Amino acid sequence: MASFLRILGIETSCDETAAAVVERDADGRSKVLSDVVLSQLDEHSAYGGVVPEIAARAHVEALDALIDEALHRAKVSLCDVDAIAATSGPGLIGGLLVGLMTGKAIAKAAGKPLYAVNHLEGHALTARLTDGLSFPYLMLLVSGGHTQLILVRGIGQYERWGTTIDDALGEAFDKTAKLLGLPYPGGPQVEAAAKTGNPGRFDFPRPLVGETRLDFSFSGLKTAVRQAALEIAPLTEQDVADICASFQRAISRTLKDRIGRGLQRFRAEFPHLDGEPALVVAGGVAANLELRDTLQALCDKHAFRFIAPPLRLCTDNAVMIAWAGLERMATGVAPDDLDVQPRSRWPLDSNAEALISYGKRGAKA
C-alpha cells in the first residue's frame, strides 16, 4: 500500500451530522486531521426522541457545509483524499440516503473510490484507531438501537455471541427517563439523577443472569421500573433519583454476569493468544461512567485489557466511518459500486439468527 492513505468520512445514520478526514500509514497508525459533528438535539428534544423526517431534513441542510468545514480544518482539498467513506447502514433510512447519496456524488465528481460503511463496523474498529489493538478481541456494543457482544476476528470477520431479545440498553435508558419525566436525551439524565439516589431501595430484576446463553433482555426490567414508579406516585425528586440508581445497579449486575461469561468463553476459544486479551466497549451508552467502572472491574478480575474510546468517539461520528473505510482499503477490499443501496438493517454477523424480527431490509439483531 501507499505510505499513507487519507479518507473523507460521512456519517448521517441518526441524529448527528458528521464529517471527518482521517489518515492511516503503512504500519496502521492513524491521524485524525479533522472531526466535525453537528448534533440535532434541539430539533428533537421537544418530541422526546428522534423524528426521522426532521433528522433527514437537518442532514440535507447541514451536510455540505460540514464537509467543507472538515476539509478546511484538515487543510486538504478533495484532490488530496484517496477515497470517500459514507455510512450505508444500519440506521434511519432517510438520513442514510442523504449521506450515502452525497458520498456517491462526491466520489463521482472527484473520481474517487467509494466505501459504503456499516455503522456498526465503525464502532467495532474504533479501538484499533485509538489504541492500535490487534485482532482478535471482544466488543460490547451498547447504543440506542443495539446491545450485542461480538467477537471481532478481523476486518469483515464478526461473530455475534449475544444480542438483546427485546429492547436495546440505550432504549431502556431513554424509556425509563421518559417514564420518570426526565428530559431528552434520557441516558445522561438517568445517570445524573442516579448520583444522588439510593441503589438499594428497589430490587429490580437482573434479566437472564445465570443463563449460559450470552443474550440480553431489558424489557422486563423496564416494566419493573414502571410498576415501582406507579406504586409510589406522585414521585418526589428523591424517588426519581432512587429509581435511577436502582435501575443502573440492575444494569451493572446484569452486564457483570453476561460479559463475565463472555470473557470466560473468549479465554476458552483463544487459550494461546499472544498478549493480553481485550474487551472493547462501544456505542453511545459506553459514555455511562458507572457501566464503564463495572466493566473495568470485571476486566481486572479476568485479566483482560479494558478499552473504552474517548467519549466523543462513543457517540455517532465520522472519524470511525473514515477509519473503517481506511481499514478496508488497506486490507485490499474493493470499493463499492455507485449503485450500492442504504440498508436500515445491516447486522455485522450476517450468519447469526435474528432473535427479534426480520423484515424486508434484513435482520434487526
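Modeller: Arg265 is partly exposed, with a relative accessible area of 32%, where partly exposed stands between buried, under 20%, and exposed, over 50%, as found with a 1.4 Å probe and protein chains only. This is a predicted model, in which local features need pLDDT of at least 70 and side-chain atom pairs count only at pLDDT 80 or more, while totals for chains, interfaces and linings use all residues. Residues are numbered from 1 along each chain as its sequence is written, and side-chain values use heavy atoms, with hydrogens and water left out.

The partner of Arg265 is Glu269, and the closest N and O atoms of this salt bridge are 3.0 Å apart; the term requires a side-chain nitrogen of Lys or Arg within 4 Å of a carboxyl oxygen of Asp or Glu. Glu269 is likewise partly exposed, at a relative accessible area of 36%. Both residues belong to helix α8 (residues 237–269), where they sit four residues apart, about one turn of the helix; helices here are DSSP runs of H or I with at least four residues, strands are runs of E with at least two, and both are numbered from the N terminus.

Because they are four residues apart in helix α2 (residues 52–74), about one helical turn separates Arg73 from Glu69. Arg73 is partly exposed, with a relative accessible area of 46%, and Glu69 is partly exposed as well, with 31%.

Turning to Arg29 and Asp27, their side chains meet in a salt bridge at 3.3 Å, N to O, and here both residues are exposed. Beyond such pairs, Arg24, Arg128 and Glu327 are linked in a network of salt bridges. By the rule already given, the count comes to 19 salt bridges.

As a contrast on the surface, Ile93, Leu97 and Met101 form a nonpolar patch with about 250 Å² of accessible area together. Patches take residues with over 30% relative accessible area and no salt bridge, joining like charges within 9 Å and nonpolar side chains (Val, Leu, Ile, Met, Phe, Trp, Tyr) within 5 Å; the areas come from the Shrake-Rupley method with a 1.4 Å probe, and for residues only the protein chains shown count as cover.
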